[in-house]
Every structure is written in C-alpha cells, then in structure tokens.
Amino acid sequence: MQGLGNDFVIIDRRHERFDATLHTMSKLCDRRFGVGCDQLVLLDAPDRDGADIRVRFYNPDGSEAGACGNASRCVAALIGNAPVLQTSAGLLPSFITPEGEIGVDMGVPALDWQRIPLSQAMDTVELPLPGSPAACSMGNPHATFFDGMDRADREGAALERDALFPERANIGCAEIVSRDFIRLRVWERGAGLTLACGSGACAAVVNGVRRGLLDRECRVEMDGGALRIHWREADGHVLMIGPATHVFEGLYPLGTHDG
C-alpha cells in the first residue's frame, strides 16, 4: 500500500505465523532483491482494551519506528470500519471523512526534551543547531527546520545521527508558503528521503505553531502529495487526513529469497 508515495509492505500475522528476522525484513524492504518499501508493517491481534489491531512499523535497516502516519492510514483503510490502532506510541483512532479520505488521530505530541528525547535539557522550540530547528515527538523524534527544503537532501543523513538525538531523529525541512500552507521534505530515520512522511507533516505543523509561524489547521505538501493537519486546541491532539491506496498483494517465497 502507499500513502502519497510513502510505500509499505503490510503483513497480517493474525492468522498465520511470520517470524520477522532482521535478514527477512531487510530482504523484503529491498527494492532490487525483495518487494521494496519505505517501511515494513506487521499486524497482530491487539492485547490492549479498546484496540482493534496491533501495528508495528519497521524501517529498512531493521530499526522499529514508534509511529508512522502514512502507514497508519493505510492500515486503517485495509482493515476498514475505522479501526483503533494499537502502536508503541499508544492507541490511534482512525476515521473516514465525508470525501472518503482516511484520517488518524495521532495523539498529543511530546514537547519536553526528555520525552522527544534530546541528549540534554534545552528549549525544544529552538535547538542549538545551525538553522535553529524546533523538535517534538509524534511517537518518534522529529526536528523541523523552517528555512527551506534543500537541507534535507544535503544534511539529512548527518543530522539524523547528530549527538543531540540519542535515538536519532527524523529531519523535516519546510518552506512556508502561508500560515495554512507549507511545503515539506523529510529525511526519515532509518529510511532516508521519502516522498512523504505523515508523522513528519504532523511534527512540522506542531513546531510551526509553536514558533508562531503557522495556524493550527494547515495543508502540508510533500513530493508525493498533500496532507491536511489539524493540531486541535481543545485537547492537543493532532489529526492527519489524506489518501491511502492499495497497490497489490501477493505471495513471497521466503525459502527461495531469504536463505
């Protein structure tokens, strides 16, 4: 499945066993020797009250992502009936808009330096890095720059692993068009540049509002398309709305390609 070109291999383990070894996951994510994707998504039966499905997200390098907005929308579309997703970032309710787009309530962003996390106490609205990004966590750590998109291409790999980010970070680089419209490019932790990043779009709006640059409802345009983000003032939850598309399904012979 894909959301704005951010693509995922989704494996449903609720009725059939699948052992997700690092070798297997790397092969599946490889675009030349496997299926190819930005993230591998594993579905299991939930073990928390109120959840309909348990979802885990893995990057091509085998690291686990706490949250993935575009993948969450894809899972919600795949399961149907607006499921509540159980993730390591908490329970994420989904919904369907009157226009047929898929929305996910991404919860309340973490703004404190310890919860993002950063390596030391600091003001998370302006980090001590060139370009003065703002930082928050949407279940995974994000730093957002507001001085143009080119930095993601030039410095994304190095910034992801900066000593300021003990668990590495997603690096978002935004160009502000107006208070309710930005363009964004994201270097994703463990995946590199992608056509879109749902949690990165949420983080960009949250960080832009905190800096006084954006309104709470904002259109975020990325290389693969646009999302609508609303950081709701009443309860602090971030709502993300956009398309989710089923591309294909099939069988992958692990005995042949994973040995």
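Buried means under 20% relative accessible area, exposed means over 50%, and partly exposed lies in between (1.4 Å probe, protein chains only). Keep that scale at hand for the tour.

This is a predicted model: local features need pLDDT of at least 70, side-chain atom pairs count only at pLDDT 80 or more, and totals for chains, interfaces and linings use all residues. Residues are numbered from 1 along each chain as its sequence is written, and side-chain values use heavy atoms, with hydrogens and water left out.

**Stop 1: the annotated pair**

**Stop 2: Cys-68**

Zoom in on Cys-68. Its loop runs between strand E5 (64-65) and helix H2 (69-79). Helices (H or I, at least four residues) and strands (E, at least two) are DSSP runs, numbered from the N terminus. Is Cys-68 buried or exposed? Cys-68 counts as buried because its relative accessibility is 5%. Now show its contacts (heavy atoms within 4.5 Å). Neighbours within four places in sequence aside, Cys-68 touches Phe-8, Gln-39 and Phe-57.

**Stop 3: Cys-197**

Move to Cys-197. Look in the loop between strand E13 (192-193) and helix H4 (198-210). Cys-197 has a relative accessible area of 3%, so it is buried. Leaving out neighbours within four places in sequence, its contacts are Asn-6, Asn-70, His-142, Val-186, Glu-188 and Met-222.

**Stop 4: the largest cavity**

A cavity is a set of points, on a 1 Å grid over the protein atoms alone, where a 1.4 Å probe fits but cannot get out; lining residues have an atom within 4 Å of a point. Grid points are joined across faces, edges and corners, and a volume is the space filled by probe spheres set on the points. How many cavities of 30 Å³ or more are there? The count is two.

The largest has a volume of about 80 Å³. Select its lining: Gln-39, Asn-59, Ala-65, Ala-67, Cys-68, Asn-140, Asn-170, Glu-188, Arg-189, Cys-197 and Ser-199.

**Stop 5: the second largest cavity**

This one holds about 40 Å³ of space. Select its lining residues, among them His-142, Asn-170, Val-186 and Ala-203. Strand E10 (141-145), strand E11 (170-178), strand E12 (181-188) and H4 each give two or more residues to this lining.

Methods:
On a 1 Å grid over the protein atoms alone, a cavity is a set of points where a 1.4 Å probe fits but cannot get out, and a pocket is an open set with protein on both sides within 12 Å along at least five of seven lines; lining residues have an atom within 4 Å of a point.
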